[in-house]
Amino acid sequence: FIRCSYDDIENLRTIYNLMKTDHDNKEPKLIISCYGGAKYFTMNEDLENEFLRGMAEAATTSGTWILTTGLNSGVSKFIGEGIARFILSTDHPKKTTMIGLTKWGTLTEKTRAILKLEVNILFWSSLKDFC
């Protein structure tokens, strides 16, 4: 998790460069942004299968980044589970990049508490290296 202000262009550049570094300094060839439908939604089975097949093919194409809220509900959950199922069922060797971007306030209190604790642990352990 990375928590940052979205209105500071330098923060955004830093985050983007960090993401590129994680991908061997390669820019994405395709970015798919899937937002909305935070609550449960329904599709008929044929449409659902076709949508997931297309998303999985796109996700496993080299250089594709998929952006969702990263939350375990609605469209994000649907896409994440569908792509995971596709990869497991096809023994697909390619790396899949899915990035969750959400507001801090949409995380549960429990998740925020865990993240705050982990940040403090990381901060103090890295500070110890400089002293």
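Buried means under 20% relative accessible area, exposed over 50%, and partly exposed in between, with a 1.4 Å probe and protein chains only. Keep that at hand for the exercises below. The model is predicted, so local features need pLDDT of at least 70 and side-chain atom pairs count only at pLDDT 80 or more, while totals for chains, interfaces and linings use all residues. Residues are numbered from 1 along each chain as its sequence is written, and side-chain values use heavy atoms, leaving out hydrogens and water.

**Exercise 1.** Find out whether Thr 68 is buried or exposed, and what it touches.

*Solution.* Start with its place: Thr 68 lies in strand S2 (residues 64-68); strands are DSSP runs of E with at least two residues, helices are runs of H or I with at least four, and both are numbered from the N terminus. Next, take its relative accessible area, which is 5%, so Thr 68 is buried. Finally, list its contacts (heavy atoms within 4.5 Å). Leaving aside residues up to four places away in sequence, Thr 68 touches Cys 34, Tyr 35, Ser 76, Ile 99, Gly 100 and Leu 101.

**Exercise 2.** Now try Asn 25: is it buried or exposed?

*Solution.* First locate Asn 25 in the loop between helix H1 (9-22) and strand S1 (30-33). Its relative accessibility is 55%, so Asn 25 counts as exposed. Then look at the backbone: Asn 25 has a positive phi of about 60 degrees, although it is not a glycine.

**Exercise 3.** Work out how helices H2 and H3 are arranged.

*Solution.* Begin with the axes, which are lines fitted to C-alpha atoms over the stretch in contact, with angles from 0 to 180 degrees between N-to-C directions. The axes of H2 (residues 45-59) and H3 (residues 74-90) come within 9 Å and cross at roughly 70 degrees. H2 and H3 are therefore roughly perpendicular to each other, a label for angles of 65 to 115 degrees. Then see which residues meet: Glu 48, Phe 51, Leu 52, Met 55, Ala 56 and Ala 59 in H2 face Phe 78, Ile 79, Gly 82, Ile 83, Arg 85 and Phe 86 in H3.

**Exercise 4.** Follow Ile 83 through its contacts.

*Solution.* Not counting residues up to four places away in sequence, Ile 83 touches Met 55, Ala 56, Ala 59, Ile 66, Thr 96 and Met 98. Last, go back to the meeting of the two helices: Ile 83 is among the H3 residues that meet H2.

Methods: Parallel < 35°, antiparallel > 145°, perpendicular 65-115°, else oblique.
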